[in-house]
Amino acid sequence: MAGLSAAKKLLQEGVKNLVVLEAQDYLGGRVKTYREGSILTEDGAEWIHGGKGNFLYFLAQKLGGLTQPLPDNVYDVRFRMPEGKAASKKGYLAARRVFNQCENNKILKPYEDKGYGECYIDRFPAAYKSFRAPKTEKAAWLEFLHLWVNKDTGMVDWRDQSGRDARHFTDFGYDEWNQWKAGYDTLTNYIQESIPAKKIELNSPVCKIFWDSDPQGGVLVVTSAQTAYIADYVLVTASVGHLKERQDLLFSPQLPASYKSNLDGIELGIADKVQLGWDTKWWGNDPIDLSPVFINRNLTEEMSWLYGIMEFMNIHQQDKMIQGFVPGDYALQMEKLPEETVKSHLIQFLKGLTGQEVPEPTFFRRSKWMDNVWMRGSYNSYVTVEGDKAGLKSRKPFLKSIKNQQNNKVIFWAGEHTDTTRFGTVDGAMKSGTKAAQRIVKYRKMK
């Protein structure tokens, strides 16, 4: 979305001689809508984060593509142990209180030099005690809260992200779950309409960027099909997961040491989805919100990836489907398993949680974002505690252009990981692309 937004802006500014090189066979990156008959699901981005504070809310409204979330009170909310026994709702209320507290920047300020999760760890005991929740469930609800944070961030451990980086994120103060009625790719298609088809090359992964080899100051870009482009500037919008893995192979010469050092201080989280659908709503008539609470951890080793799921919910607009998020190392474990095994695990797990007979699904899908070489993760990008200690106090260093030996800026950057306040969001990615295009236009005029 960053690259498409940049291309749109460059064309608007009169830059006609450009090409968009997309490694995959579709546009959108981590925006990937899947359709199968009447079924519509999202492999990646799903919500318009921030509600009316997000410009995409009004764009979706303008395009007739905005949906409103279901009210909380219509859900059949269940907190269940794997064997089906009910867990205390008081534990959830304590977790929710702490979750809301640690999203408050004033409360988070003392944790700037610590791991983000330390805020939750410190505040949970008092909250749990205040609700007089069962002592026997305390550890399980703390882990539930841990999974809740990791579901939203993609971290392995909630202490991995620096508190300072977490404070920089702006949530606009709206906790709304709006979606795109006809799929998130409505947005992709809308932007694509502004870009002539001949300027977009799908299935064109870049294998080499020679950015300081031309005495004339040009940049040579070579794709895996051995197609070569000579350019004045290259705007790189690859995911930070891909950049970290491929940087030494992708750039010649290698990137400056300072930029490589900054890449060492940031990670791309992973949160996969598992989705199941049936012909009937076997759980009951109401939309379901089913949360596992693991008082005892008795799952087999092969099934232990299920410990990463803190919630199953209906997929918006698909009332006979449910979805769960699988973050961090649990996602890596799930991705390595055969699809049929994952589906079998889920059916068995749901039977135990609900105490109901679970029919064979008529639909099953899972995402495997870490397995995708062009992504190596999904969300969020986050500055690590180690990165912060090494001097990476904001995302601004990722915007620093790379200069060649003629002292000309030749490589520019965009992508959600470069946005200083809306990293991990589609609007943040788009904004970064538009701003990068403006920087290129301004620099061209100066030259």
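These legends walk through several close-up views of a predicted model.

Residues are numbered from 1 along each chain as its sequence is written, and side-chain values use heavy atoms, with hydrogens and water left out. Because the model is predicted, local features need pLDDT of at least 70 and side-chain atom pairs count only at pLDDT 80 or more, while totals for chains, interfaces and linings use all residues.

**View 1. Helix H1 (residues 2–12) is mostly covered.**
Nine of the 11 residues of H1 are buried, where buried means under 20% relative accessible area, exposed means over 50% and partly exposed lies in between (1.4 Å probe, protein chains only). Among the buried ones, look for Ala2, Leu4, Ser5 and Lys8. The buried residues of H1 pack against strand E1 (20–21), H8, strand E11 (234–236) and helix H14 (426–446). Helices (H or I, at least four residues) and strands (E, at least two) are DSSP runs, numbered from the N terminus. After H1 comes Gly14, with a positive phi near 95°.

**View 2. Helix H1 packs with helix H8 (residues 185–192).**
The angle between H1 and H8 is about 25°, and their axes are 9 Å apart. Axes are lines fitted to C-alpha atoms, for helices over the stretch in contact, and angles run from 0 to 180 degrees between N-to-C directions. H1 and H8 are therefore roughly parallel to each other; angles under 35 degrees count as roughly parallel, over 145 as roughly antiparallel, 65 to 115 as roughly perpendicular and the rest as oblique. The crossing of these two helices is left-handed, a term used if the near helix is turned anticlockwise from the far one by less than a right angle, with right-handed used if clockwise. On the H1 side you can find Leu4, Ser5 and Lys8, which meet Thr188, Tyr190 and Ile191 of H8; contact means heavy atoms within 4.5 Å. By class, the contact of H1 with H8 has three nonpolar, two polar and one charged residues. Here Ala, Val, Leu, Ile, Met, Phe, Trp, Tyr, Cys and Pro count as nonpolar, Asp, Glu, Lys and Arg as charged, and the others, Gly among them, as polar.

**View 3. A disulfide joins Cys102 to Cys119.**
A search of the whole structure finds one disulfide, defined as a pair of cysteine sulfur atoms within 2.5 Å. In this pair the S to S distance is 2.1 Å. The torsion about the S-S bond of Cys102 and Cys119 is about -90°, so the disulfide is left-handed. The pair links distant parts of the chain, 17 residues apart: Cys102 sits in the loop between helix H3 (89–101) and helix H4 (105–108), and Cys119 in helix H5 (residues 117–130). Both ends are buried, Cys102 with a relative accessible area of 1% and Cys119 with 0%.

**View 4. Helices H3 and H5 pack at an angle of about 140°.**
The axes of H3 and H5 are 9 Å apart. That angle makes H3 oblique to H5, and their crossing is right-handed. Residues of H3 in the contact include Gly91, Ala94 and Phe99, while those of H5 include Tyr120, Arg123 and Phe124. The residues of the contact of H3 with H5 divide into eight nonpolar, three polar and two charged.

**View 5. Cis peptide bonds and positive phi values turn up in loops.**
Most residues other than glycine have a negative phi, and most peptide bonds are trans. A cis bond joins Ser252 and Pro253, with omega about -5°, and Pro253 lies in the loop between strand E12 (251–252) and helix H10 (257–264). Another cis bond joins Tyr379 and Asn380, with omega about -20°. Asn380 is found in the loop between strand E18 (363–366) and strand E19 (381–383), and the loop between E18 and E19 also holds Arg376. Phi of Arg376 is positive, near 55°, and Arg376 is partly exposed at 22% relative accessible area. Asn203 has a positive phi too, about 50°; this residue lies in the loop between strand E7 (200–201) and strand E8 (206–210) and is exposed, at 51% relative accessibility.

**View 6. Pro397 lies in the loop between helix H13 (385–389) and strand E20 (402–403).**
Pro397 is partly exposed, at 28% relative accessibility. Its C-alpha atom is separated by 9.1 Å from that of Ser258, 139 residues apart along the chain. Leaving aside neighbours within four places in sequence, Pro397 is in contact with Tyr259, Asn262 and Leu392.
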